[in-house]
Amino acid sequence: MQVTETLNSGLKREIKITVPAGDMEAKLMARLNDARDKVRINGFRPGKVPVQHLRKMYGKSFMAEVVNEILNDSTRSIISGRGEKAAMQPEVIMTEDEKEAEKILAGGADFEFRLNYEVIPAIEIKDFSDIKVKRQVYDVPETEVEDQVKRVAESARSYEPKDGKAAEGDRVTIDYVGKIGGEAFAGGAGSDQPLVLGSKEFIPGFEDQLIGSKAGDEKQVTVTFPENYQAAHLAGKEATFDVTVKEVAKPGALEINDETAKNLGLESLERLREIVRGQIENQFGSMTRQKVKRQLLDQLDAAYSFEAPSKLVEAEFNNIWAQVNRDLEAAGRTFADEETTEEEARAEYMRLAERRVRLGLVLAEIGEKAGVTVSDEELQRGLFEQVRRFPANQQQEAFEFYRSNPEAINSLRAPMFEEKVVDYLLGQISVDDVKVSKEELMADDEEAEAATKAKPAKKASSKKAEAKTSEAKAGEAAGEAEEPKKKAAPKKKAAKDAE
């Protein structure tokens, strides 16, 4: 096998591989001799079929297998033997001349093919000692825990049907159909929907218009969606809801005690408080980690400047761009609505894609040198967590999908690896804990957010337009495995879930 480099420009490489016809013939004869003892052909005893007869019958198909074997086995070994890492699967270029291909399959010509690929650049890991981040810490007060415990108890509160008019604090059970301009809109309908009046679960004005209603009443509720409503195509629009009140119920006494906790499946009120505190601390802990991670990635981005493989960048950009357009379409908005142009948005997202790929390569190199790995046990836990996000009737299908799809499993491994590398780095750099208020922790940092969010430039209204690949997930920039489609959850709240 002869390997000749035909292109070496920046990160781009092309090499020509020539396998002499004699070598191809030897591989073919080895297959034919192996098959001789296995095939059963009428008129011949087992193991006595002449090789030339086998060649006449199976020669071309066996030679095609030889070609595939060379392509599969040699590509990785050739590139690694050159001391290179391909950024993506190399492009294989073979002859398109049918006569030439026939000669190769017949064993009468050398097998030549070319590999086009980009290499991952060599990255020299720098000293981490200059990296400093501030970790904002919010100490959850007891009052916040007690407020949440009360809300949990409210959700478990018993109600008893009553005659007469509904008052604030009563629970009504309703059917409703929402319309805009006389036409029903998606997500604006529900049936047997419980709603506690005064809970502010629906948009302003909806619950107020049901006060005084009785079981059996049919009412038309008119409301206006807020200007900043999350479903942009409904924001600021007037809607009417045809509502049928099916039941009015009054609340029982609100009790917060061990019995309340037991009704929720817990052994005691103290255990309920522990769980609530843990959930609140986890919520704010996630915010803290995201801010710390953002600072870390920003400093790594500033410290490393190198050419990123264009194919990886292109694949990452395509993922982001597809998500942006899906979100704009779902919201019924355009780039002009976001005070930008398609050209400006493309440039912004291309910069974002380049950043993500560079950071992915840097983190991968840091992780490899530090010996960071994702164990099979960790991956299994991650798989179970991912599967639990699907509806119960789809979980087995999702589980089988991931177990049988290596690309899907890698889509779980990549972010887990990234988080472990971030953990490693946080143990190497200077981290200064700073006590902050809840408001300070939750304050949006739009400039930093733009580094991890994919949204049209200049306006932050399309916050859901976030690329599915994580900030530094270059390992999957070649494209995501398609997951089993999740069914839409039933729309329970007309004003909250209509999108």
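**Figure 1. The right-handed crossing of helices H1 and H2**. In this predicted model, helix H1 spans residues 21-36 and helix H2 spans residues 51-81. Their axes come within 8 Å and cross at roughly 120°. H1 and H2 are therefore oblique to each other, and the crossing is right-handed. On the side of H1, the contact is made by Met 24, Glu 25, Lys 27, Leu 28, Met 29, Arg 31, Leu 32, Asn 33, Ala 35 and Arg 36. H2 contributes Val 51, Leu 54, Arg 55, Gly 59, Phe 62, Met 63, Glu 65, Val 66, Val 67, Glu 69 and Ile 70. By class, the residues of this contact comprise 12 nonpolar, 2 polar and 7 charged.

**Figure 2. The packing of helix H2 with helix H3**. Helix H3 is formed by residues 98-105, and its axis lies 9 Å from that of H2, at an angle of about 95°. An angle of 65 to 115 degrees counts as roughly perpendicular, and H2 and H3 are therefore roughly perpendicular to each other. Gly 59, Lys 60, Met 63 and Ala 64 of H2 meet Glu 102, Ile 104 and Leu 105 of H3. This contact of H2 with H3 consists of 4 nonpolar, 1 polar and 2 charged residues. Gly 59 and Met 63 of H2 take part in the contact with H1 and also in the contact with H3.

**Figure 3. The packing of helix H7 with helix H8**. The axis of H7 is 8 Å from that of helix H8 (residues 342-370), and the two helices pack at an angle of about 130°. That angle makes H7 oblique to H8. H7 passes H8 in a right-handed crossing. The residues of H7 in this contact are Leu 312, Val 313, Glu 316, Phe 317, Ile 320, Trp 321 and Val 324. Those of H8 are Glu 342, Ala 345, Arg 346, Tyr 349, Met 350, Leu 352, Ala 353, Glu 354, Arg 356, Val 357 and Leu 361. The contact of H7 with H8 has 13 nonpolar residues, no polar residues and 5 charged residues.

Figure 4. Apart from neighbours within four places in sequence, Val 313 is in contact with Ala 308, Met 350, Ala 353, Glu 354 and Val 357. Between Val 313 and Met 350, the C-alpha to C-alpha distance is 7.6 Å, although the two residues are 37 residues apart in sequence.

**Figure 5. Asp 192 and Lys 200, two residues with positive phi**. Most residues other than glycine have a negative phi. Asp 192, however, has a phi near 50°, and Lys 200 has a phi near 60°. Asp 192 is located in strand E8 (residues 183-196), whereas Lys 200 lies in the loop between E8 and strand E9 (218-224). With a relative accessibility of 47%, Asp 192 counts as partly exposed. Lys 200, at 74% relative accessibility, counts as exposed.

**Figure 6. The chain that holds these views, with its 14 helices and 11 strands**. Of its 499 residues, 39% count as buried. The accessible surface of the chain comes to about 27,900 Å², and carbon and sulfur atoms account for 47% of that surface. Among the contacts in the chain with a separation of 6 or more, 72% are between residues 24 or more positions apart.

Terms used:
Residues are numbered from 1 along each chain as its sequence is written. This is a predicted model: local features need pLDDT of at least 70, side-chain atom pairs count only at pLDDT 80 or more; totals for chains, interfaces and linings use all residues. Side-chain values use heavy atoms; hydrogens and water are left out. Axes are lines fitted to C-alpha atoms, for helices over the stretch in contact, and angles run from 0 to 180 degrees between N-to-C directions. Helices (H or I, at least four residues) and strands (E, at least two) are DSSP runs, numbered from the N terminus. Angles under 35 degrees count as roughly parallel, over 145 as roughly antiparallel, 65 to 115 as roughly perpendicular and the rest as oblique. A crossing is left-handed if the near helix is turned anticlockwise from the far one by less than a right angle, and right-handed if clockwise. Contact means heavy atoms within 4.5 Å. Ala, Val, Leu, Ile, Met, Phe, Trp, Tyr, Cys and Pro count as nonpolar, Asp, Glu, Lys and Arg as charged, and the others, Gly among them, as polar. Buried means under 20% relative accessible area, exposed over 50%, partly exposed in between (1.4 Å probe, protein chains only). Accessible areas come from the Shrake-Rupley method with a 1.4 Å probe; for residues, only the protein chains shown count as cover.
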